[in-house]
Amino acid sequence: NCLIEEIRQFDLAEDYVVSTIFFGGGTPSVLEGSEIMRIMQAIRERFPDIREDAEITIECNPGTLTEEKLQIYQKAGINRLSLGLQSADQEELKLLGRIHTYNQFKENFYLARRIGFANINVDLMSALPGQSEESWQETLRFVCDLEPEHISAYSLIVEEGTPLYEEYGEMCADLEKYGDYASMPKRLQTKYEGCKCLPDEETDRNMYHHTKTTLAKLGYERYEISNYAKEGYACRHNLGYWERIPYLGFGIGAASLVPGDLIGKCRKLEGKMSRYTNPDQLREYAHSYRNKFQAELLTETEEMEEFMFLGLRKMNGISKKEFSEYFGKSLEDIYGEPICKLERLKLLEQDDDRVWLTKRGIDVSNSVFVEFLLEE
């Protein structure tokens, strides 16, 4: 109800042409189908200009879908599903705390196909505790046999504040310090004996490269560091993030990036973007759907940095012309030195207009992105 009210209260809706809508996680599919329908009705009532070909996605956890829900999704206009499988191995799913099985995922996938969904993404995760190159290859094979239109394949990052971090955070820190288990002191080897080991860096890289090779052979184009799609099925919503197309976020913890200064309610402030994030706790969110006075007007430096490290995630990289048109400055004047340095290291390549990551650059992309941080 709060979410619907927030949508209804948005006061610049007539300014927007809506090309994509994305119901993101947590797990939106735990809601009743009727609740998703109500949210979509509120969006359509408030935003008069939704494109006929709009990409409308909902993230779903296997085991939370029913025939009735999927039929309601279709009726509501949802035309893309993102299924969070992560792994086809039951032990790996248990370690991640997932409640679904691979069979439940398959049942949901076939059910969605039978109802008529022709654009399905499957989320996968590699470098899981206890995962081998063989089990990862098997997960890929099982998923590819189903022929989804899109596959997102991420490497596990153990985040602070999660149950996985409590179990593996210290181990990760020691692994980073010593390089591998064999190089650890005996006391640490003893401490971690019997634990499900996280794959070492070499195994992680092997999984990563196997993914690219396998999916390329099956007709999936890699268009972003972790995303692969059949022709015509790249996720338009995510491309919008990487290309810094303005977006509105509604709901608990949702973020927005919009032109102009929301504090002053300016419709456009040339060369500036504002970002704001909703409260991430229900009680606070329910009392204040959006505190516009906490909006952050990005500096030109921040915008340039985002332009680079978001755009370079894409396989076709960034455009020098687009940089110049947006900022009124040439890319070479601002980033000539780091680009030349990274080109010498064979981490970047460029032509007359574009700059992109090499294969080696993709492998160490975070290190590359750091080079584009500017001093204020």
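Start by selecting residues 263-270, where pLDDT stays under 50. This is a predicted model, and for this stretch it has 16 contacts beyond four places in sequence. Now colour the whole chain by pLDDT. The average is 88, and 91% of the residues score at least 70.

**Next stop: helix α1**

Select residues 2-9, which form α1. Which residues of this helix are buried? They are I4, E6 and I7. Look down the axis and you will find that these residues cover an arc of only 160°, which puts them on the same side of α1.

**Two loop residues at the ends of β4**

Move on to N119, in the loop between α5 (102-115) and β4. Is N119 buried or exposed? Its relative accessibility is 13%, so N119 counts as buried. Show its neighbours, leaving out residues up to four places away in sequence: N119 touches N79, R80, L81, R113, E149 and Y233. Then draw a C-alpha to C-alpha distance from N119 to H100; the two are 19 residues apart in sequence and 22 Å apart in space.

How far apart are P129 and L198 in sequence and in space? They are 69 residues apart along the chain, yet their C-alpha atoms are 4.3 Å apart.

**Last stop: the cavity**

Rolling a probe the size of a water molecule over the atoms shows where empty space is left. Here the count comes to 1 cavity of 30 Å³ or more. The largest cavity has a volume of about 50 Å³. To bring up its lining, select S126, W136, A153, Y154, S155, M207, Y208, T211 and Y228.

Which elements each supply at least two residues of this lining? Highlight β5 (150-155) and α9 (201-217) to see them. Finally, colour the lining of the largest cavity by residue class: you will get 6 nonpolar and 3 polar residues, with no charged ones.

Notes. Residues are numbered from 1 along each chain as its sequence is written. This is a predicted model: local features need pLDDT of at least 70, side-chain atom pairs count only at pLDDT 80 or more; totals for chains, interfaces and linings use all residues. Side-chain values use heavy atoms; hydrogens and water are left out. On a 1 Å grid over the protein atoms alone, a cavity is a set of points where a 1.4 Å probe fits but cannot get out, and a pocket is an open set with protein on both sides within 12 Å along at least five of seven lines; lining residues have an atom within 4 Å of a point. Grid points are joined across faces, edges and corners, and a volume is the space filled by probe spheres set on the points. Helices (H or I, at least four residues) and strands (E, at least two) are DSSP runs, numbered from the N terminus. Ala, Val, Leu, Ile, Met, Phe, Trp, Tyr, Cys and Pro count as nonpolar, Asp, Glu, Lys and Arg as charged, and the others, Gly among them, as polar. Buried means under 20% relative accessible area, exposed over 50%, partly exposed in between (1.4 Å probe, protein chains only). The arc is that of the directions from the helix axis to the C-beta atoms. pLDDT is the predictor's confidence in each residue, from 0 to 100. Contact means heavy atoms within 4.5 Å.
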